[in-house]
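Me: I've got a structure to get my head around. Can we go through it together, one question at a time?

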Amino acid sequence: RSFLAREDIGIILISQCLAELIRHAVEAHARPLPAVLEIPSKEHPYDPAKDSVLRRARGLFTPDDLR
């Protein structure tokens, strides 16, 4: 949580499997900066259904917007 309060950090990269362990904290973060981005790891496949950024983005666009 200390990384979220720092002004010199713009992006926090975290593997999706670790983000699952602290999902409550990841989803509670609502500020635009620092951006928290979930990335795949070598040991665990990426699951777009669990990505908090993609879930938020789905509500912003309709399928017609993406054509």
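**Working through the fold**

Me: Does glutamine 16 count as buried or exposed?
Reply: Buried means under 20% relative accessible area, exposed over 50%, and partly exposed in between, using a 1.4 Å probe on protein chains only. Glutamine 16 has 6% relative accessibility, so the label is buried.

Me: What kind of model is this?
Reply: Residues are numbered from 1 along each chain as its sequence is written, and side-chain values use heavy atoms, leaving out hydrogens and water. Local features need pLDDT of at least 70, side-chain atom pairs count only at pLDDT 80 or more, and totals for chains, interfaces and linings use all residues, since this is a predicted model.

Me: What pattern does the protein chain follow along the sequence?
Reply: Helices (H or I, at least four residues) and strands (E, at least two) are DSSP runs, numbered from the N terminus. The chain has four helices and two strands. Read along the sequence, they give α-β-α-α-β-α.

Me: Which helix holds glutamine 16?
Reply: Contact means heavy atoms within 4.5 Å. Glutamine 16 itself belongs to residues 16–21, which is helix 2.

Me: How many salt bridges does a search of the whole structure find?
Reply: Side chains of opposite charge can pair when their charged atoms come close. For a salt bridge, a side-chain nitrogen of Lys or Arg has to be within 4 Å of a carboxyl oxygen of Asp or Glu. Searching the whole structure on that basis gives two.

Me: How far apart are the closest N and O atoms of glutamate 20 and arginine 23?
Reply: Glutamate 20 has a relative accessible area of 34%, so it is partly exposed, while arginine 23 is buried at 12%. These residues form a salt bridge, and their closest N and O atoms are apart by 2.7 Å.

Me: Which residues end up in one salt-bridge network?
Reply: Glutamate 38 also forms a salt bridge with arginine 23, with the closest N and O atoms 2.6 Å apart. That pair links distant parts of the chain, as glutamate 38 sits in strand 2 and arginine 23 in helix 3, 15 residues apart. Both of these residues are buried. Salt bridges with shared partners make one network of Glu20, Arg23 and Glu38.

Me: Which residues form the largest nonpolar core?
Reply: Nonpolar side chains in soluble globular proteins tend to be buried together. A nonpolar core here is a set of buried Ala, Val, Leu, Ile, Met, Phe, Trp, Tyr and Cys residues joined through side-chain atoms within 4.5 Å. Not counting residues up to four places away in sequence, alanine 19 touches Ile14, Val26 and Glu38. The largest core has six residues: Ile9, Ile12, Ile14, Ala19, Val26 and Val36.

Me: What is omega for the peptide bond from leucine 33 to proline 34?
Reply: Most peptide bonds are trans. Proline 34 lies in the loop between helix 3 (23–28) and strand 2 (35–39). The bond from leucine 33 to proline 34 is cis, with omega near -5°.
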